[in-house]
Amino acid sequence: MNRDIEISVSKNNDVSILNIKGDVTAVTGEKLEDAYEKISAEGAKKILLLFDKESYINSGGIAFLISVASESKKREQSIRLTGLSEHFQKIFHMVGLTKYMSLFPSEESALDGF
Amino acid sequence: MKINEIVKQQTADITKETHLKSSEHSQMELERRMFHLKTLYDLSQEIGVLKKTEEIMKNLLMMIIGTFGTLRGIVVLVDLGKGSIEEIFQRGMGKNSFGILVKAIESGHFKELEEITCIHVLDEKNDIQQNKKKDLADLLNSCKIKIWIPFKVNEKLRGGIGLGDKLSGDPYTMDDQELLCTLSVQGAVAIENSRLVEQMKKEEIVRTNLSRYLSPHTVEQVIKRDIELKLGGDRKVVTILFSDIRNFTKITETSRPDQLIQILNEYFTAMATTIFEYRGSLDKYIGDALVAVFGSLIPLENSAQNAVQTAIRMMKYMPQLNERWMNRYGFHMDIGIGINTGEVFLGNIGSPERMEFAVIGDPVNVAARFSGLARPGQILVTRETLTYLGTETKYSELPRTQIKGKSGKFELFEIHYL
């Protein structure tokens, strides 16, 4: 059974950080989309998706990320992502998500020069 | 370094690089397969617990979109019998593309779409070329759909999944086609299962509801649609049977409450069985009285005939019950029955899941009054009922009688059954 997700928002200078805990799936993904819409409405231009090390994302969740990525392009936002395992980094590359968002090995490296 | 040594070194480097690339490729392929397997597992776990078709389709499409990495996708379920869209869910299709596809499906193109195994619009060796389905390819292309897979839920319900370009820019492969087929089959099974569970629940509610009015056999016939129940308000000529216990007050005074409940249960069960046997429906119990209606829920050729036969059988049943009660409790019980035929308002109000059956009108009141007039063991019918009875019915005419709340005197007929 999948765990629900918890998303909190924090700021680091002009970077809006979505702290994601839990499983991002076809069921829970809407919460991620809602959180993204909320910070976009507040004018976020630089967004970091920070996944907790216990977090998990499946193909249903990836569909929501694709949607977020596509919207961010239209809104001229820049999205970075960190916290997911190497396996998911390869999957993101495979499904073409890396064309829309850059993946980083750590929060520090993601924030560096953002 | 001599030339041949340089060549040797370069050849070794190339081989090493080739091995490295091959290893990376294998690793990537392994990751891809793991991801696909996990998707299949997650899909079965997630949609297996969902109850609504709409939710299953939404989850199915989202997982497919994420698996193939595409911006646009659509899943549609079509009722072949009605030729209409049963459910549809899309993501990123855009208003125009969505509109074109919906219009095409509704105008009969779906039949063609579901006959093919798979369409790869961009693949040169695609099914379309082989099957000469260029018009379908054009249709899907105009909606920016690059792959289309039909699936079958059951004989009536067919579905289709369409996806747009991959974000990676890669074309859809045969592997993708196979995976998409497998995912769609999983979705179809989940949809069918949820529908069956839903249908079973619905049938159970209908069964419980109708069991209050109809025999178990008739209820099953209604559920299997061998008998069509007419719902909604209607004016119809029916026959109403009103039966009531004559010496009930005395029985209540002399019996213990648990005995009384036992007696009433035995009595009502026996009477209801008889009513159902003659295809009547049990309208209601009013204290010690019961009201049965013939020709309402189930159409009958001669509702009056059925009602009178029921009344005779009820009367003939009483000695059996009385013998039992006499041995057990030391008393007996008599009933009087009044029957009338006339136009009433029939209201099977609500849905089959929650139906309240109502028979309203003056003929019901007259039947109740006739039942009140009947002496113990007597079956009284009105002129309106007698008119429908065959010549084999034995009866005698009683003196015209005044009925409470009615002007004029009523013709009264007693049915002989002994």
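My entries below go from a sheet to a pair of helices and then to the contact between the chains.

**Entry 1: the model.** I noted before anything else that this is a predicted model.

**Entry 2: the sheet in chain A.** I looked up the strand order and found an open sheet of five strands, β1-β2-β4-β6-β7 of chain A, with mixed pairing. I then checked the edges: β1 and β7 (101–104) of chain A each pair on one side only. From one strand to the next, I read an average twist of 25°.

Entry 3: How many bridges join β1(A) to β2(A)? I found seven between β1 (residues 6–12) and β2 (residues 15–21) of chain A, and the two strands run antiparallel. I picked out one pairing here: A:V9 has A:L18 in β2(A) as its bridge partner. The two strands make a hairpin with two residues between them. In that turn I noted A:N13, whose phi is positive at about 55°.

**Entry 4: the other neighbour of β2(A).** I followed β2(A) to β4 (residues 46–51) of chain A and found a parallel pairing over six bridges. Within β4(A), the residue opposite A:N19 is A:L50. As a reminder to myself, strands in a sheet pair through backbone hydrogen bonds, either parallel or antiparallel.

**Entry 5: two helices, one from each chain.** I turned to α2 (residues 59–74) of chain A and α2 (residues 53–68) of chain B, whose axes come within 6 Å and cross at roughly 75°. Angles of 65 to 115 degrees count as roughly perpendicular, so α2(A) and α2(B) are roughly perpendicular to each other.

Which residues meet there? On the α2(A) side I listed A:S59, A:G60, A:G61, A:I62, A:A63 and A:I66. They meet B:N59, B:M62, B:M63, B:I65, B:G66 and B:T67 of α2(B).

**Entry 6: the whole contact between the chains.** I widened the view and found 19 residues of chain B in contact with 20 residues of chain A. On the chain B side, α1 (3–48) and α2 each supply at least two residues. Which element gives the largest share of that side? I found that α1(B) does, with eight residues.

Terms used: Residues numbered from 1 in each chain as written. Chains lettered and ligands numbered in written order. Predicted model: local features only at pLDDT ≥ 70, side-chain atom pairs only at ≥ 80, totals over all residues. Pairing = 2+ DSSP bridges. Helix = DSSP H or I, 4+ residues; strand = E, 2+ residues; numbered from the N terminus. Axes fitted to C-alpha atoms, helices over the stretch in contact; angles between N-to-C directions. Parallel < 35°, antiparallel > 145°, perpendicular 65-115°, else oblique. Contact = placed C-beta atoms within 7 Å.
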